[in-house]
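Opening my notebook on a new structure today.

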Amino acid sequence: MTSADSVCFLDKEEVRIGEFPDVGPVLDIGGGGEGIVGLLAGEKTISVDRSPRELKEAPEGPRKVAADARALPFPDRVFPLAVAFFTLLYLPGREDLDRLFEEAARTLRPEGRFLIWDAELPVRPDGDTSEAVALPLRVIAAGREIETGYGVRWPRETRAAEEVLRLARRAGFEGRVMERSGRTYRIDLRLREER
């Protein structure tokens, strides 16, 4: 961990992403900025971000929709696949996550998948005066290396991957934590048919 001005930078981590299933439109929740999912899934991606500025910065290719993931502007059961790539960090409250999972469940087709990459951030250490924490990443996907990072205000508490999984299950998903590396994790969810 190193601090620069008002941001504490965590050690850089590496995240590997395989191919996305070729199942139809991909809902990229929080797809602005670097637009990693849109880079990989291309024109079949619908990138949603509540920040029009972030969407403008994202690479061309995906369809871009400025909207809040807690109130998606799509009909029920239209997507076979949803992805959240380091998006949950920006939803600090459990009620925000509950709403995101409810909306993902509503817009996914029966037995649709929801893939999540995210991180367990620490709370601010005693004596640290920085306002925010940032996690630098090296993303390796489809033969590319992308240097990026995600930063937020210090969380009040660490949100473990198991808690995210528990909240997803309440919304009708089943799945498990598939990978862990340092602070990062990947969760693979499937919408239960009988929800």
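Entry 1, strands. I began with S7 and S8, which pair in the parallel sense over six bridges. This is a predicted model, by the way.

Entry 2, the whole sheet. Next I traced the strand order: seven strands make an open sheet, running S6-S5-S4-S7-S8-S12-S11, with mixed pairing. S6 (63-66) and S11 are the edge strands, each pairing on one side only. Neighbouring strands here are turned by 20° against each other on average, direction ignored.

I checked H3, which lies across S4, S7, S8, S11 and S12 and runs at about 145° to S8. H4 packs on the sheet too, touching S8, S11 and S12, and its direction makes about 165° with that of S11.

Which residues of H4 are buried? I noted Ala161, Glu163, Val164, Leu165, Leu167 and Ala168. These buried residues pack against H3 (94-107), S8 (108-119), S11 (173-181) and S12 (184-191). After H4 comes glycine 172, with a positive phi near 110°.

The largest nonpolar core has 34 residues, and Phe101, Phe114, Ile116, Phe173, Ile187 and Leu189 touch the most other members. Among the elements giving it two or more residues are S4 (26-29), S5 (45-49) and S7 (79-85). A second, separate core has 27 residues, including Val26 and Tyr150.

Key: Residues numbered from 1 in each chain as written. Predicted model: local features only at pLDDT ≥ 70, side-chain atom pairs only at ≥ 80, totals over all residues. Heavy atoms only, no water. Buried < 20%, exposed > 50% of the residue type's maximum accessible area, 1.4 Å probe, protein only. Helix = DSSP H or I, 4+ residues; strand = E, 2+ residues; numbered from the N terminus. Contact = heavy atoms within 4.5 Å. Core = buried A, V, L, I, M, F, W, Y, C linked by side-chain atoms within 4.5 Å. Pairing = 2+ DSSP bridges. Axes fitted to C-alpha atoms, helices over the stretch in contact; angles between N-to-C directions.
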